[in-house]
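I opened this notebook to record what I looked up in one structure. The entries follow below the display.

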Amino acid sequence: MLKKKKTKTKISTNLINDEKILDLSNDQDYSKLEEAGSIIRNGGLVIFPTETVYGLGTNGLDGEAVKKIFIAKGRKPDNPLILHICDIEMLGKIAKNISDVEFKLMNSFWPGPFTIILEKTDIVPSTVTGGLDTVAVRMPNNEIARNLIKYSEVPIAAPSANISGKPSGTALSDIYKELSYQVDYMIDGGNSLIGLESTVVRVIDGIPHILRPGKITPEEIKNVAGNVIIDSSVLGKIENNKKVLSPGMKYKHYATNAKCVLVYNKDISKTKNKIIELTNQCLKDSKKPLILCLDSELDYFKNQYRGKVNFICLGDSLESISQNLFSSLRKIDEFKPDLAIIQGVDSEGIGLAIMNRLLRACQYNLYS
Ligand code: TXA
Ligand code: MG
């Protein structure tokens, strides 16, 4: 008999009766987005899916509406938001003096998980940009997001849909509890395809600087622009009072209640030994460890501890690790561990974005 294939898609059964939810996870009738579009245009708050993570959106040209986002998330007002657009016509309204390199990057990576910092026009409220004279712009690839912007008829200001400091949301069921009571409407688009927020780039003197790594890698950007600089804050800790190119880098991110540590060495046997050492130390001190490891290492660790330790599988490829990362971080506290020990990955390609998020989740506690 054929075994039914297991699917990882979460069905939001506990959310089904909520009248504020439009379920488009298996439905391509985007005309249903008209109502959500008019809520956005009129300054309401809508949670919506994108290919990276879920967004918490409103009318990006309405300064008062935008303030509601900062209140709902508990976000510091100097941490600016991304404006999401659905076509190049919208870009002309919100950004000016765009250079050839900037156009080249947009042409190459839009629609997609790529955000660019541009000089803003006067119609962009200062609440969106945290008082800066630049604005972050992204044209998402997700059809629900693009149609929502189209029906809204305005650029949508949207940060990741999560309480500030918590992991971003990659499934509506993950963020429902923390945000649903604060919003006017929610759109369920299933699990986010990529799972990590967009690559954020600012071009300075013709050279793209990566302020936040994502699915679009430094190599891809270099191939288009001929050059790329990875900002020092991507893998390094930000010193107090240091001026940063992107205000979001200063703040705590992806935090769990449990203390987390990251373990990575290019030599996998050294990584495994360090994880074992940290786990044994916990057990010796009568503390409860939790191991988050790649699928390929699960059997090895399980054999060591035979039921004495809990595990979370991060995935088997960089793509699946990205997709699972935020829900894995959210799962940590369900186990109430004293220490979560997380296996890292190589910082190449999209691995750079994974390590950037993990370092922050672990507050830079890295063992190698
Ligand atoms: O994939 C994404 O980018 C998701 C989805 C919803 O589009 N959005 C997202 O937004 O991650 P948020 O607000 O969580 O992160 C935006 C980042 C922050 O680190 C912020 O500081 C930075 O972009 N940013 C926004 N405007 C900026 C500006 N004018 N200059 C420098 N950094 C800026
Ligand atoms: Mg965020």
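The entries below concern helix packing, aromatic pairs and backbone geometry.

**Basis.** I worked from a predicted model, in which local features need pLDDT of at least 70 and side-chain atom pairs count only at pLDDT 80 or more, while totals for chains, interfaces and linings use all residues. Residues are numbered from 1 along each chain as its sequence is written, chains are lettered from A and ligands numbered from 1 in the order in which they are written, and side-chain values use heavy atoms, with hydrogens and water left out.

**Helices α4 and α8.** I took helices (H or I, at least four residues) and strands (E, at least two) as DSSP runs, numbered from the N terminus. Helix α4 covers residues 100-109 and helix α8 residues 218-225; they pack at an angle of about 125 degrees, with their axes 9 Å apart. Axes are lines fitted to C-alpha atoms, for helices over the stretch in contact, and angles run from 0 to 180 degrees between N-to-C directions. The two helices are therefore oblique to each other; angles under 35 degrees count as roughly parallel, over 145 as roughly antiparallel, 65 to 115 as roughly perpendicular and the rest as oblique. I looked up the residues in contact (heavy atoms within 4.5 Å). On α4 they are Val101, Lys104, Leu105, Ser108 and Phe109, and on α8 they are Glu220, Ile221, Val224 and Ala225. I sorted these residues into six nonpolar, one polar and two charged. Ala, Val, Leu, Ile, Met, Phe, Trp, Tyr, Cys and Pro count as nonpolar, Asp, Glu, Lys and Arg as charged, and the others, Gly among them, as polar.

**Helices α11 and α12.** Here the angle between helix α11 (residues 318-332) and helix α12 (residues 351-361) is about 20 degrees, and the axes are 10 Å apart. That makes α11 roughly parallel to α12. From α11, I listed Leu318, Ile321, Ser322, Leu325, Phe326 and Leu329, which meet Gly351, Ile354, Arg357, Leu358 and Ala361 of α12. The residues of this contact comprise eight nonpolar, two polar and one charged.

**Aromatic pairs.** My search of the whole structure returned three aromatic pairs. Rings of Phe, Tyr and Trp (its six-membered ring) pair if their centres lie within 6.5 Å; planes under 30 degrees apart count as stacked, over 60 as edge-to-face and the rest as tilted. Tyr254 and Phe326 are stacked, because their ring centres are 5.1 Å apart and their planes are at 25 degrees. Tyr254 lies in the loop between β12 (229-230) and β13 (259-263) and Phe326 in helix α11, so the pair ties together parts that are 72 residues apart in sequence. Both Tyr254 and Phe326 are buried. Buried means under 20% relative accessible area, exposed over 50%, and partly exposed in between (1.4 Å probe, protein chains only). Tyr300 and Phe301 form an edge-to-face pair, 5.3 Å centre to centre with 70 degrees between the planes. Tyr300 is partly exposed at 29% relative accessible area, whereas Phe301 is buried at 0%.

**Backbone.** Most residues other than glycine have a negative phi, and most peptide bonds are trans. I noted that the peptide bond from Trp110 to Pro111 is cis, with omega near -10 degrees. Pro111 sits in the loop between α4 and β6 (114-120). Asn97, although not a glycine, has a positive phi of about 50 degrees. Asn97 is exposed, with a relative accessible area of 59%.
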